[in-house]
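User: Hi! I'm new to reading protein structures and would like a close look at one part of this one.

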Amino acid sequence: MTNFTTIEASMRARAGKGAARATRRDGLVPGVIYGAKQEPSLIALDPRIVMRELTRSGWRSRLYEIATDGASPARALMREIQLHPVSDRPIHVDFQRLAAGERIKVAVQVVFTGEESSIGLKRGGVLNVVRHAVEVNVDPDHIPERFEVDLSPLDINDNVRWSDIRNTEHTSPVITDRDFVIATVAAPTVVADPEADAAAAAAAPAAPAKGAAPAKAAPAKAVPAKAAPAKAAPAKPAKK
C-alpha cells in the first residue's frame, strides 16, 4: 500500500509577486499545486513544515496529501523548493498533482545495506556511489519510498547495476539503453607517507645527476723521500 504524508495548507486567493510577498510577510511560504489537467491551486504553508520535509532524506519521491481548508486532499509530489539566497529559508514550493493511472517521472533514493559484511569493504575496498537516486517512470500508486542495494556479496572491483536493485516492480528506468552502474567497490588507494619518504631519501646515497661525469678522486699528496745522511769527508793529515 502506498503511504502518503499529510500536510496542512491554506488557500491563497491571488497570484503574482505582490501576493507572494504578502504571504511571506504573514510568515508563510507561498506554493502552487499543478498538473493532472487541472487548474493550478495556490496555497500557503507553514515554513516549519517545509523545512521538516526538506531535511528528511528522499523528499523528492515522498508522496503527500495536501489538506486545504476542508477541501478534498490533493495528492502530490514536492517538485521544487526555492530558498532565499542569503538566509536559506524556503520562499516558494512547487507540487505536482498526481492522477491515478498517469505515469510520472520521479527520482527514487538508493539505500545501501550490508556494508559491515561486504567482502570487498572488509578487505579495504572503498564504496564509490555513482547514483544516489535513480529516475524512473512509475504510476503514482506504486512509487517506491527507496531502492535497496545489498553490498554484502560484493568484492573489490565488483559493481551494482540497475538489474541488481531490489523492489523495482512497477517501475521503468528513464535510462533504457544500458544496464547502468549504481555503485562500485574500488580497490584501496595507497597513500604516501611524506615523513617516511623524506627519511628514506636522506638515508640513501645521492645518485649522480643524469649525464654528469662521475666525480674524480682528489690526487694523493706525494710524501717526500727522506734524504740519505751525507758521508763525512776523510780528514786531511796534519802538516808537520
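This is a predicted model: local features need pLDDT of at least 70, side-chain atom pairs count only at pLDDT 80 or more; totals for chains, interfaces and linings use all residues.

Is Thr23 buried or exposed, and what is its relative accessible area?

Analyst: Thr23 has a relative accessible area of 10%, and buried means under 20%, so Thr23 counts as buried. You can find Thr23 in helix α1, which covers residues 17-25. If we set aside the neighbours within four places in sequence, the contacts of Thr23 are Arg12, Leu28, Val29, Pro30 and Ala44.

From there, let's look at the nonpolar cores. The largest one has 24 residues, and Val134, Val136 and Ile182 have the most contacts inside it. Two or more residues each come from β7 (104-113), β9 (133-138), β10 (147-150) and β13 (181-186). Strand β7 gives the largest share, with 5 residues. A second, separate core has 17 residues, among them Ala9, Ile66, Ala74 and Ala76.

Ring pairs link Phe147, Trp162 and Phe180 into a cluster. In the whole structure, 3 aromatic pairs are found. For Phe147 and Trp162, the ring centres are 5.6 Å apart and the planes are at 85°, so this pair is edge-to-face. Phe147 is in strand β10 while Trp162 is in the loop between β11 (159-161) and β12 (171-173), so the pair ties together parts 15 residues apart in sequence. Phe147 is buried at 0% relative accessibility, and Trp162 is buried too, at 14%.

Conventions
Residues are numbered from 1 along each chain as its sequence is written. Side-chain values use heavy atoms; hydrogens and water are left out. Helices (H or I, at least four residues) and strands (E, at least two) are DSSP runs, numbered from the N terminus. Buried means under 20% relative accessible area, exposed over 50%, partly exposed in between (1.4 Å probe, protein chains only). Contact means heavy atoms within 4.5 Å. A nonpolar core is a set of buried Ala, Val, Leu, Ile, Met, Phe, Trp, Tyr and Cys residues joined through side-chain atoms within 4.5 Å. Rings of Phe, Tyr and Trp (its six-membered ring) pair if their centres lie within 6.5 Å; planes under 30 degrees apart count as stacked, over 60 as edge-to-face and the rest as tilted.
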